Amino acid sequence: MSKICVIGGGGYVGLTTGACFADLGNEVVCVDIDEAKVAGLKRGKLPIYEPGLQEMVERNIKVERLTFTTSYKDGLRGAEFAFIAVDTPSGSEGEADLKYMRMAAEMIAANMTNSLIIVNKSTVPIGTGDWVAEIVEGHLPAGLEFTVVSNPEFLREGSAINDFLHPDRIVLGSTNRRAGEKVAQLYLSLRAPIIVTDLRTAEMIKYASNAYLANRISFVNEIASICEQLGADIKEVAIGMGYDKRIGHSYLDAGVGWGGSCFPKDVKALAHMAAIHGCHPQLLRAVIEINRDQRRRVVQALRDILGTLHGKTVGVLGLAFKPNTDDMREAPAVEIIHLLQNEGASVKTFDPVAMERAKEIMPEVTYCEDAYEAAEGSDALVVVTDWNEFKHLDMARLKASMAEPVLIDGRNIYEPTKMQELGFVYRGIGRGYEKAEPYLPAEILAAGESIELEEAADDIS
Ligand code: NAD
């Protein structure tokens with residue numbers, strides 16, 4: 001078992017990393033500069049919502065494998081590894097702002113009292129590992145050694161623990177074989193493929209992966225716009241595409257677009273990196289532009305149906321950038337709500353967990369007890385986050401309480417024909433078609449020779 005210090009240990013990645021490594025039997029100290037977060041964590045109060053994390057943190061605090069501090073000195077004492085998981089937000093030009101990384105590197109060097117393997121989990125521009133090494137070198141006490149290893153994180157908020165403990169792969173960037181092997185040992189029990197490469201390549205794997213996933217969503221959103229005009233259904237198009245093994249089903253959901261703390265900043269940072277090094281990242285720019293349009297399309301659809309938004313009340317279902325998280329960073333709901341308010345609409349909203357965070361950035365919104373209250377008296381309802389509980393609402397009850405039965409399904413969670421039958425003026429994303437009744441006989445389906453798309457949709461989701 002190893003002694004591990006996690007810098008930025010109060011954040012989504014740092015806390016998940018700390019808790020999971022502790023749960024795997026290591027002794028973990030999470031260091032964070034945010035005193036309020038650390039004070040709360042010491043009492044077992046988590047600063048974020050992440051399914052399963054509360055229980056895991058409590059369990060490991062109890063057996064004293066997981067502790068929290070604001071002191072680098074205490075966190076690094078006797079540690080063999082220092083994982084860096086600080087935030088790397090967007091700067092004004094779209095570049096990754098590395099001020100927290102710099103601070104972390106300087107503080108590690110100033111406070112380390114034994115040799116250390118510094119493992120970077122934050123998403124950082126290519127070359128940052130070398131830059132961190134230079135900073136540490138410049139501040140290092142005499143007689144101590146260190147190595148920097150890149151170990152980008154791929155977990156998703158909402159399923160962070162599962163993603164950490166069951167990763168598709170672990171990427172380790174280091175040319176120092178001994179250090180790489182030691183970090184690999186920490187992950188051995190997870191039985192995941194380990195990709196060993198150099199620092200810069202590891203850093204690029206992370207950016208390229210996120211940019212590719214964002215690209216898939218923007219691609220399917222562009223196809224959705226074409227579907228809408230030409231009378232096809234993007235949901236079934238995506239399912240039909242996904243059965244191709246070269247394509248696969250994931251990240252092909254049309255909707256109001258991607259958001260969150262990673263895709264927006266990482267695609268921008270990669271495009272910025274490319275541009276300042278003389279490349280012409282036209283695909284990345286289009287990926288960003290298409291995503292921006294998705295939010296505007298929702299407001300345009302409302303304008304088309306209601307004539308004007310001035311004086312209207314719009315209910316917004318869902319605020320977090322995706323289900324099972326309270327993260328509001330770059331959430332599509334924020335831009336959609338601002339666009340609506342700019343046109344004179346007032347907004348009522350409900351989200352199962354993100355309302356506290358949302359209130360800090362959007363005080364001019366009416367926060368409701370549940371989806372029904374958000375719908376009551378509204379001239380339109382917009383689904384922005386596909387929380388499971390929104391899929392099982394009593395839609396007839398919802399409609400009966402609305403001033404106008406306008407439903408914009410920004411995540412395609414409802415069946416268009418069913419909503420129309422209920423009397424909604426329904427708009428999904430890319431669902432411009434007349435739906436045919438399923439007609440294949442059961443024996444053909446059972447023989448696996450053909451697939452009814454509606455059933456396939458249930459299997460996949
Ligand atoms: P976060 O904002 O939730 O957490 C960062 C934490 O670091 C905060 O608690 C902050 O107080 C702390 N911090 C900042 N500077 C510090 C310093 N010098 N010393 C100690 N603590 C410091 O951020 P996050 O979402 O966990 O992301 C962290 C990194 O991981 C980013 O680079 C991000 O791109 C990457 N990442 C995030 C996710 C995700 O889903 N959130 C997934 C994969 C990778």
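Is Glu 343 buried, partly exposed or exposed, and at what relative accessibility? At 27% relative accessibility, Glu 343 counts as partly exposed (buried means under 20% relative accessible area, exposed over 50%, partly exposed in between, with a 1.4 Å probe and protein chains only). The model is predicted, so local features need pLDDT of at least 70 and side-chain atom pairs count only at pLDDT 80 or more, while totals for chains, interfaces and linings use all residues. Residues are numbered from 1 along each chain as its sequence is written, and side-chain values use heavy atoms, with hydrogens and water left out.

Glu 343 forms a salt bridge with Arg 303, with the closest N and O atoms 2.5 Å apart (a salt bridge is a side-chain nitrogen of Lys or Arg within 4 Å of a carboxyl oxygen of Asp or Glu). This pair links distant parts of the chain, 40 residues apart: Glu 343 is in the loop between helix 13 (332-342) and strand 10 (346-350), and Arg 303 is in helix 12 (residues 282-306). Helices (H or I, at least four residues) and strands (E, at least two) are DSSP runs, numbered from the N terminus. Arg 303 is partly exposed, with a relative accessible area of 27%.

The structure holds 23 salt bridges. One of them joins the side chains of Glu 181 and Arg 177 at 3.1 Å, N to O. Both residues lie in helix 8 (residues 177-187), four residues apart, about one turn of the helix. Glu 181 is partly exposed at 42% relative accessibility, whereas Arg 177 is exposed at 67%. A further salt bridge connects Lys 99 and Asp 97 (2.9 Å, N to O). Lys 99 counts as partly exposed at 43% relative accessibility, and Asp 97 counts as partly exposed at 21%.

Two buried residues were examined in helices. Thr 17, in helix 1 (residues 12-23), is buried because its relative accessibility is 0%. Leaving aside neighbours within four places in sequence, Thr 17 is in contact (heavy atoms within 4.5 Å) with Val 6, Phe 83, Lys 121 and Phe 164. Ala 271 is found in helix 11 (residues 263-276) and is buried at 9% relative accessibility. Not counting residues up to four places away in sequence, Ala 271 touches Pro 281 and Leu 284. The C-alpha atoms of Ala 271 and Gly 94 are 8.1 Å apart in space, although the two residues are 177 apart in sequence.
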